[in-house]
Protein chains: 2
Amino acid sequence: MTITEVSKKFDLSQDTLRYYERIGLIPRVNRNKSGIRDYTEEDCKWIEFIKCMRNAGLQIEALIEYVGLFQQGDATIEARKELLIEQRKQLIARMEDMQKTLEHLNYKIAVYEQVVVEKEKELKRPD
Amino acid sequence: MTITEVSKKFDLSQDTLRYYERIGLIPRVNRNKSGIRDYTEEDCKWIEFIKCMRNAGLQIEALIEYVGLFQQGDATIEARKELLIEQRKQLIARMEDMQKTLEHLNYKIAVYEQVVVEKEKELKRPD
DNA sequence: ATAACACTTGGAGTTAACTCCAAGTCAAGG
DNA sequence: CCTTGACTTGGAGTTAACTCCAAGTGTTAT
C-alpha cells in the first residue's frame, strides 16, 4: 500500500504518517526499490492501534515507549503490560472527569431549558 | 480572596488564573485600593466551572464565547444553551472514542496476562 | 525608612503534536 | 528525451494552552 492509500484509509495526513514513523510511533515502513514507502498489513495494524490510542488522548511519548519495547522482543512483555495498565488507569481517570463534566453540563442545560420555558410563558401573558 | 488563596483552592497556578482573566475566560476580577485582585464567591464559581470544563477537554475558545454571551445578559440565553448543547455533543463523542479505546486496552492487557501465565508455566516445566 | 516580599502588567518563551516547505529523486507518458 | 507528478528527506513553522520573566509598585516587619 502506498502512503496515499493509507492516508485515505485512516484519515491521517501523509505528513502525519511520515511524522509518526520518524519519531518511532510506528515501526519503520519498508521502501520499494525506488525508495517509496510500501505499507504492509502489519503496518496498517500499527497505524490503526496508534490512531485509536491517540484518539483517546494517550500521549505520544507513552506510545513511542510501547513501540520501542515491542521491538525489543519477548523480554519486554511484562513491561508492556504494565505500561498499558498505567495508560488504562489514566484513561479511566479522564473518563471519570468527563462524566462529571457531562453531568454538570446536563444540569446547566436543563436550567436554561427551564428559563426559556418561563420566558415563553411570559410572552404569552396578556399585559 | 487573594490570588494565592484561589490558586491553592483550585490547584491552578497564579499565572494561569491571570491568563484566564486576560483572555476573557473568566470575567474581570475586582482589585482593592492597591490594585490587587480580590476574588469574590462569584469569581470562584466561575473558576470552578471553567476548571471542570477544561478538565474534560472543552476548548478555551468555546468557553470564552460562553463567558462573553453571559456578560451580554438575558438576550443571549438561547445562544448559551445552544453552545452548551453543542459542547455536550462533542464531549459525548470523545467519551465514546475513549470507551472504544478502553475496550481495546482491556483486550490487549488480557492477552498479555495470558502470555505471562503461559511463560510462567513453561518456567516450571522440567526440561 | 528601608529591606523583603507579594503583587501588578505586557510580552516573550515553552511544549506537544502536528503541518508545511524546499530541494531533490524517480517512473511513466507524450 | 523531457515534462509531470508523486514521492523522498531534514528542517522550519504553527497552534493551543499555558508558563516564565522583567520592571515596577504597594504593604509589612524590623
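User: Which residues are the closest to DNA strand C?
Analyst: This is a predicted model. In it, 16 residues surround DNA strand C. The closest are Asp15(A), Thr4(B), Arg18(B), Arg31(B) and Arg37(B).

User: Which side chains have a polar atom by a phosphate oxygen of DNA strand C?
Analyst: Among them is Thr4(B), with a polar side-chain atom 2.4 Å from a phosphate oxygen.

User: What gives the most to the surface near DNA strand C?
Analyst: α2(A) does, with 4 residues. α2 (14-22) of chain A and α2 (14-22) of chain B each supply at least two residues of that surface.

User: And how many charged residues does the surface have?
Analyst: It has 6 charged residues, along with 6 polar and 4 nonpolar ones.

User: Switching topic. How can chain B be laid on chain A?
Analyst: By a turn of 180 degrees and a shift of 0.0 Å along the axis, with an RMSD of 0.1 Å. The two copies are therefore related as by a two-fold rotation axis.

User: Which residue of chain B comes closest to the rotation axis?
Analyst: Met95(B), its C-alpha at 3.4 Å.

User: Why do we say the copies meet through the same surface?
Analyst: Because 100% of the interface residues of chain B are also interface residues in chain A.

How values were computed. Residues numbered from 1 in each chain as written. Chains lettered and ligands numbered in written order. Predicted model: local features only at pLDDT ≥ 70, side-chain atom pairs only at ≥ 80, totals over all residues. Heavy atoms only, no water. Near = heavy atom within 4 Å. Polar contact = N/O pair within 3.5 Å; in protein donor to acceptor, adjacent residues only side chain to side chain. Nonpolar A, V, L, I, M, F, W, Y, C, P; charged D, E, K, R; others polar. Least-squares fit on C-alpha atoms with pLDDT ≥ 70 in both. Contact = heavy atoms within 4.5 Å.
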